Amino acid sequence: MADKTGSVGGSAGGGSAGRTARVATVAAGLDWQYAPAPESRDIVSIAPEYGLFIAGEFAPAATGRTFATVNPATEEHLARIAEAGQDDVNRAVAAARVAYEQVWGPMPGAERAKYLYRIARILQERSREFAVLESIDNGKPIKETRDVDIPLAAAHFFYYAGWADKLDYAGFGQAPRPIGVAGQVIPWNFPLLMAAWKLAPALAAGNTCVLKPAETTPLSALLLAEVCHQAGLPSGVVNVVTGAGDVGAAVVAHPDVNKVAFTGSTEVGIAISQAIAGSGKKLTLELGGKAANVVFDDAPLDQAIEGIVNGIFFNQGHVCCAGSRLLVQESVADQVVDRLQRRLTTLRLGDPLDKNTDIGAINSRQQLDKITELSAAGEAEGAHRWSPPCELPKRGYWFAPTVFTGVSQSHRIAREEIFGPVLSVLTFRTPDEAVTKANNTPYGLSAGVWTEKGSRILWMAQRMRAGVVWANTYNRFDPASPFGGYRESGFGREGGRHGLAAYLDV
Amino acid sequence: MDSPLTSMSDKSGPVVGGPVVGGPVVGGSEAARRLGVRKTYKLYVGGAFPRSESGRSYPVHAAKTGELLAFAAQASRKDVRDAVVAARAAQAGWAGATAYNRGQVLYRVAEMIEGRSGQFAEEISASEGVSAAVARRTVAAVIDRWVWYAGWPDKVAQVTGGANPVAGPYFNFSVPEPTGVVAVLAPAGSSLLGLVSVVAPVIATGNAVVVVASEERPLPAITLGEVLATSDVPGGVVNILTGRMAELAPVLAGHFDVNAIDLTGATADARAELERLAASNVKRVFWAEDDWAGEPTPRRMLAFLETKTVWHPVGI
């Protein structure tokens, strides 16, 4: 990502990128050449066409319609995907209902548990395949899918498997009941992981599911459907219907869906709430964020810089809990920004399948347009824009890591969720000011705090209105750790014992 | 708006002294009769007892006899907004008090109700048309319910929070925190036990509340305000509005500085529209028509709690 480049071939295995990854050069006059380290894409075979997964079988949509999914790093066509219509959604919900009434609901928890353990194991066994597929369909770096998305997805199934026969002891009273058929709509930023977050607790609690993956990233959910089949999961317990927002709307609005779970934008979350108002459906929402990452002058700065980078550039900033507002104490602001910029100069943007890659592709043209527009607004409103020297691949959807300094709280880039690799830097003088600025948002999903002073960490953690607070770390996730927002970032928790409540009649 | 004059002339006949509750007459002989002093039932907002800024009131009648009990303030949308401002101002301080302190303050409320149990029993009897014995039992249940919730503030975090065993070198714990400002539509039928059953769980955990009392039976709610005002509950933590539920509920449901709403007192017809309004700022919505005489559960507390999870690395 600098002036000096080394040419790195696309994937060895075939046909993916004809691009080059940009190799960093760098600071201190050193000129690092990285050898290409592409992961082979041969490990996964992508079919030309995928059907809906309903009642244990893959079948085309009744409408006969399909849509394409592409590799956002290259714009290469990957596959055609069945586009569900109302009839298909009806069929999926009916299959889930039958499975709930006749098979999954009556099944002892200990038996449900073993199915979930099986799924976790198969995910582990096929993890390399999933990692490559997810990287190709989503555009995120292979090192992230390999080290984060896939292992965490497997861990989620493993964790909730163990709850299935222990629900009496989960703190919700004796013999808590499942809710019924869950309609679950998930986003494109962590396609498999979000599917796991939704399915694992729902199934452990005894519900059956109709899952609607995001339009731009359907492949890993469909492969997960195959895994469910391979695990011997009874037909209809998990159903996957693909398509755009209208399909998700049909799922949540279906009168025989008892529970709705949605992860995505606050705007769509509100629309879903309104659509099901008065229906009595149980709802949980995991929505947008505009997290403050607060750095005090006594912070361990080397670690803080890594945390800032991880906070906003992990997964290209396509993270609802991304640390998109950096609040730095004024006395160290120049130093932090300087170090941050030096660090960003060493990041490597390019072929997501290259194991050296830090920054992959933006997931879609539409998202790239949104990031571009908001960044332009940042400049227009007077903030100072900076990116490292960075040559972007010619094809695909790419956006250079970007840092805005001189940002004021009224700027759109300080208020609106950009959902991209764009960091807004603001400053503060006192802890009170840091809290006030951190909380000056309608969102409340996450927050970060960096300081060596323990009492100040706890003081800040008490006052920042956010569901997750990372202290001297950022963007850590675990199936045992509840995750979810305050205020307009949604309600309900995913993960841990708390995550069960969303799927039990409590 | 009802005219006080016409309403009075219609129905105020039997009321000689104050409102029926408390008894009109004090003294033995005819000569010693004195005119009782009636209570003006006002709103309870920010620790004070204002009339509705609209200047409106409405007559409240006894359930059984239809006799006039009093005029209740008919709150306006402006009163709702004032109450939300008061609640917001009070919430952080209340949440910031120690759980032990909140528990003691709530226990003090129970003590104050106990001291006024005769007055509450008369108001309940008149408002709900139940016998004196039933009303006394109801007040006893109200007191016991406060005591039940008074014990919760310093326990709920241990029940709902804890350490999470994550797969890595991190200390990770979850704690419950209050949602913030909670709007509550109190049940229509149970004038005091129902009200207490929906308000106490909300404030026990550190929320501030704006509650709309039963429209037809609002008087015990305002007397409860008098109890709260003398019980060390900081002003603004509980704000009690009386008036037309259909007028006030949508204002609360759509208010952008209200974090959650309990629709228990809304009619089934109104619920869908209130939920739509509540969605505009992602309010937490809850409702449950409980058997108010039955044993309470932690459910109403948990509905208005957020879970905060904190991570920190472990190392040397």
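Chain A first: its secondary structure comes to 15 helices and 18 strands. The radius of gyration of chain A is 22 Å, against 23 Å from the globule rule for 506 residues, so chain A is as compact as a globular protein of that length. Keep in mind throughout that this is a predicted model.

Some further totals for chain A. Along the principal axes, its C-alpha atoms fill a box of roughly 65 × 50 × 35 Å. Of the 506 residues, 61% are buried. Among contacts in chain A with a separation of 6 or more, 72% are between residues 24 or more positions apart.

Next, a pair of helices in chain A. Two packed helices are described by the angle between their axes and the distance between the axes. For helix H4, residues 142-163, and helix H5, residues 191-205, both of chain A, the angle is about 5° and the axes are 9 Å apart. Angles under 35 degrees count as roughly parallel, so H4(A) is roughly parallel to H5(A). By class, this contact has 14 nonpolar residues, 1 polar and 1 charged. On the H4(A) side the residues include Asp149(A), Ile150(A), His156(A), Phe157(A) and Trp163(A). On the H5(A) side they include Leu192(A), Trp197(A), Pro201(A) and Ala204(A).

Now chain B, starting with a sheet. Chain B has an open sheet of 5 strands in the order S7-S6-S5-S8-S9, with parallel pairing. Which strands stand at the edges? They are S7, residues 238-241, and S9, residues 284-286, of chain B; each has a single partner strand, so one side of each is left without a neighbour in the sheet. Ignoring direction, neighbouring strands here are turned by 15° against each other on average.

At the S9 end, strand S8 of chain B, residues 260-262, runs parallel to S9(B) and is joined to it by 3 bridges. Within that pairing, Asp262(B) stands opposite Phe286(B). As background, strands of a sheet pair through backbone hydrogen bonds, either parallel or antiparallel.

Is Val45(B) buried or exposed? The cut-off for buried is 20 or more other C-beta atoms within 10 Å; Val45(B) has 28 C-beta neighbours inside that distance, so it counts as buried. Beyond its neighbours within four places in sequence, Val45(B) is in contact with Pro50(B), Asp79(B), Asp82(B), Ala83(B), Ala86(B) and Asn239(B). For comparison, Pro153(B) is 108 residues from Val45(B) in sequence and 23 Å from it in space, C-alpha to C-alpha.

Last, the contact between the chains. How many residues does each chain give? Chain A gives 34 and chain B gives 26. On the chain B side, the elements with two or more residues are strand S4 (170-178), helix H10 (268-278) and strand S10 (305-313). S10(B) gives the most, with 8 residues. By class, the chain B side has 11 nonpolar, 9 polar and 6 charged residues.

Key:
Residues numbered from 1 in each chain as written. Chains lettered and ligands numbered in written order. Predicted model: local features only at pLDDT ≥ 70, side-chain atom pairs only at ≥ 80, totals over all residues. Buried ≥ 20, exposed ≤ 12 C-beta atoms within 10 Å, placed from the backbone. Contact = placed C-beta atoms within 7 Å. Pairing = 2+ DSSP bridges. Helix = DSSP H or I, 4+ residues; strand = E, 2+ residues; numbered from the N terminus. Axes fitted to C-alpha atoms, helices over the stretch in contact; angles between N-to-C directions. Parallel < 35°, antiparallel > 145°, perpendicular 65-115°, else oblique. Nonpolar A, V, L, I, M, F, W, Y, C, P; charged D, E, K, R; others polar. Rg over C-alpha atoms; globule rule 2.2 N^0.38 Å.
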